[in-house]
Amino acid sequence: MKIPVQKVAAIHDLSGFGRASLTAIIPILSTMGIQVCPVPTAVLSSHTGDFTDYTFVDLTDQLEAYVNHWKKLEIEFDAIYSGFLGSPKQIAIVSDFIDHFGNDNNLVLVDPVMGDNGELYATMDNEMVVNMRNLVGKADIITPNFTEAAYLLGEEYDESIDGAGVKKWLKRLSEMGPGTVILTSVPNPDGDKNTSVIAYDKRHDKYWKVSCRYIPAHFPGTGDAFASIVVGSLLQGDSLPVAMERSVQFITTAIRASYGFEYPKREGVLLERVLNTLNLPVIGSSYELL
Ligand code: PXL
């Protein structure tokens, strides 16, 4: 009998404090009934956003032997999911991992984590952007935020972009390779602070939109939570717009559960308070076909 638990290879760093990367991804996917098999790219004492003096151990040189063991074991993954990467060499390792373990029956999601609010993160540079452009070409699904999309396309970060402009960006990103592009933090052309998640499904030539109510708080790690839930939902058999809706609803619930407490935002959302909502049915669905 086929084992009823699916496996995801999760290629991310382990940041000990702050609920980003693997410390968000593992609890979320485990709660969704999916086994996470981490490929730890680095170990940090905390994520890098808003913390100083964190420790950082780069595991790049360990990864070849680590992955070779998995190749010998002939593990079959239902999904491969990569996020924050520290160097062009790590991007090459992920690319090789996809070449070896990717196939027509599994899902490859690349979250091209590079920046936010119009700027690259401190550890990113143009060489990383160029390499990331190649990596997204190997994915079935990518989940850039609006900033990362601008860098991937070599476009200005222009918050006044209109709906037709966003559709063009999505189509151009899909022409780089992925069949599905999910763009997060899309600015609202009406100028209010609400944002949207808008996706393009190349095979069916369809655009889907889920709107997010504005909450005046930025918590690190929510991008990792978002992409994890997309992976989990699609593996559970949800359609693309339902997967987007579940992710947006969870992030909104998690921020609302956290925002009323006084603690540093850099510690991330209080995931542990809301993980069990991942097992509730999606109600009040509000996605739109554009
Ligand atoms: O959440 C993305 C992420 C992952 N890993 C590290 C980070 C960040 C974002 O800042 O610093 C180490």
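How many Å is an oxygen atom of the ligand from an N or O atom in the side chain of Asp224? The distance is 2.6 Å, in a model that is predicted: local features need pLDDT of at least 70, side-chain atom pairs count only at pLDDT 80 or more, and totals for chains, interfaces and linings use all residues. Residues are numbered from 1 along each chain as its sequence is written, and side-chain values use heavy atoms, with hydrogens and water left out.

The protein buries 92% of the 320 Å² that the ligand exposes when taken alone (Shrake-Rupley accessible areas, 1.4 Å probe). An oxygen atom of the ligand also lies 2.6 Å from a side-chain N or O atom of Thr48, and a ligand nitrogen atom is 2.7 Å from a side-chain N or O atom of Asp13.

The ligand is surrounded by Asp13, Ser15, Ala20, Ser21, Leu44, His47, Thr48, Phe84 and Asp224 (a heavy atom within 4 Å). This shell divides into three nonpolar, four polar and two charged residues; Ala, Val, Leu, Ile, Met, Phe, Trp, Tyr, Cys and Pro count as nonpolar, Asp, Glu, Lys and Arg as charged, and the others, Gly among them, as polar.

Now turn to helix H2, residues 60-73 (a DSSP run of H or I, at least four residues). Its 14 residues should span 20 Å at 1.5 Å a residue, which agrees with the 21 Å between its end C-alpha atoms (the expected span is 1.5 Å times one less than the number of residues).

An α-helix has 3.6 residues a turn, so residues three or four places apart point the same way.

Key: Polar contact = N/O pair within 3.5 Å; in protein donor to acceptor, adjacent residues only side chain to side chain. Helix = DSSP H or I, 4+ residues; strand = E, 2+ residues; numbered from the N terminus.
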